[in-house]
Amino acid sequence: MTADLFDATAMYEEDYLYFFAGGSEAPTHGPLVGTAYREDAAVELIWRLLDLAPGLAVLDLGCGHGTMANSLAARGCRVTGLDSSAVFLERARADAAKAGLDVDFVAGDMRALPDWAGRFDRVINWTTAYGYFDDATNRTVLTEIARVLRPGGRLAMDVDNLPRFLASCPPSRITATRENGDMLVDRHHLDPLTMRFEVERTVIRDGRARRLTFVKRLFALPELRDWLLAAGFTAVGGYGEDGEPLTADHHRMVVTATR
Ligand SMILES: C[S@@+](CC[C@H](N)C(=O)[O-])C[C@H]1O[C@@H](n2cnc3c(N)ncnc32)[C@H](O)[C@@H]1O
C-alpha cells in the first residue's frame, strides 16, 4: 500500500455532488469530468458488453453516489457497491431506499477489498474510478478485482480515452457553473513521466473559495491491457461510449476483460 497521492475525502464530498450529480445538468464538455453517456446509455452498454442478466452478482467498485449500482439493481442484479466516500454512500443508500431497491452499499478501499474471493459474476468500475495511486498500487487494484471475480467472471471499466482527452485538454477551464454564480475552476497539469493528470481545483460556492488537488493516471489501451493480463485476466477488449471498437475520437475508453 502507498501514501495517498491526494486527499480523496476533500475531493469526493458534498461539493462534488452539488456540481456533478445533477443528472442532465452535469457537465459533459471535455476533458470530461461528468459523463459522455446520455440518460440510460451507460447502463445499456454495460448490460450488453457484460451479458448481464437478473440474478447475477455485480460489484460496482468505486460506486460513488450509486447511480449505476441502483440502476443495475432495478434491473434485477444482486448489487454490492463499494466506495470510500461516506458522503457518497449516504446519498446512494438514500436513493436506493427511495426507489425500494435492495443494494448492499459498503464503505471500503479498492486497494484492499474485503474477504470476497470469487464472490462476483461481474465487476464494474465506472466514470474514471481507477488510477488514483502510484502504479504498483494501481496494479494491486486490478489483482483485487481478479480475486473477487469468480473464474469466467467479467470486468468493465470506463476511463478517459487518452487521445481525445489530450486533444481537448486546455491548461485551465471553468468545469462547472450554476446559475447562482457558483463554479468549479480547474488548472491542469500533465506529467508525462508518470502520465498523471494533476488538477488544482477551486470550488467557489456562496462567494467562498476552497482549493483542493486531485490526480488521475491516464492510460492508453495497450498498457491497461498488459496490466490486466498480468493480473490474471484474458480477452481484453476496448470500446468507446457507443459500444463500438475504440477510436481516437471517443471520449471514453471502456475496457472489458474476463477472469
Ligand atoms: C469519479 S468517481 C466515480 C463514481 C461512480 N463510479 C460514478 O460512475 O458516478 C470516483 C469514485 O471513486 C471513489 N474512490 C476513490 N478512492 C477510492 C478508494 N481508495 N477506494 C474506494 N473508492 C474510492 C470515490 O469516492 C468516487 O466515488
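Ala, Val, Leu, Ile, Met, Phe, Trp, Tyr, Cys and Pro are counted here as nonpolar, Asp, Glu, Lys and Arg as charged, and the others, Gly among them, as polar. On this basis, the shell around the ligand holds nine nonpolar, seven polar and three charged residues. In total, 19 residues surround the ligand. The closest are Tyr-12, Gly-62, Gly-64, Ser-85 and Thr-127. The model is a predicted one.

The overall fold was examined next. The protein contains eight helices and 11 strands. Its C-alpha trace spans about 50 × 45 × 35 Å along the principal axes. The radius of gyration is 17 Å, which agrees with the value near 18 Å that a compact globule of 259 residues would have. Of these 259 residues, 39% count as buried. Among contacts with a separation of 6 or more, 62% join residues 24 or more positions apart.

Two domains make up the division of the protein. Domain 1 covers 8-160 + 219-258, and domain 2 covers 165-213. The C-alpha centres of domain 1 and domain 2 lie 23 Å apart.

In soluble globular proteins, nonpolar side chains tend to be buried together. In this model, the largest nonpolar core has 61 residues. Ile-46, Met-68, Ala-69, Leu-72, Val-123, Ile-145 and Leu-155 touch the most other members of this core. Strand 5, residues 149-160, gives the most to the core, with five residues. Both domain 1 and domain 2 give residues to the core, so the core lies between them.

With neighbours within four places in sequence left aside, Leu-72 is in contact with Val-43, Val-58, Cys-77 and Val-79.

A contrasting position is Thr-247. This residue lies in the loop between strand 10 (234-239) and strand 11 (252-258). Thr-247 has 13 other C-beta atoms within 10 Å and is therefore partly exposed. The cut-offs explain the label, because a residue is buried at 20 or more such atoms and exposed at 12 or fewer. Thr-247 and Asn-161 are 86 residues apart along the chain. Their C-alpha atoms are separated by 8.7 Å.

Methods
Residues numbered from 1 in each chain as written. Predicted model: local features only at pLDDT ≥ 70, side-chain atom pairs only at ≥ 80, totals over all residues. Helix = DSSP H or I, 4+ residues; strand = E, 2+ residues; numbered from the N terminus. Rg over C-alpha atoms; globule rule 2.2 N^0.38 Å. Contact = placed C-beta atoms within 7 Å. Near = placed C-beta within 6 Å. Core = buried A, V, L, I, M, F, W, Y, C linked by C-beta atoms within 7 Å. Domains from an automatic or database assignment.
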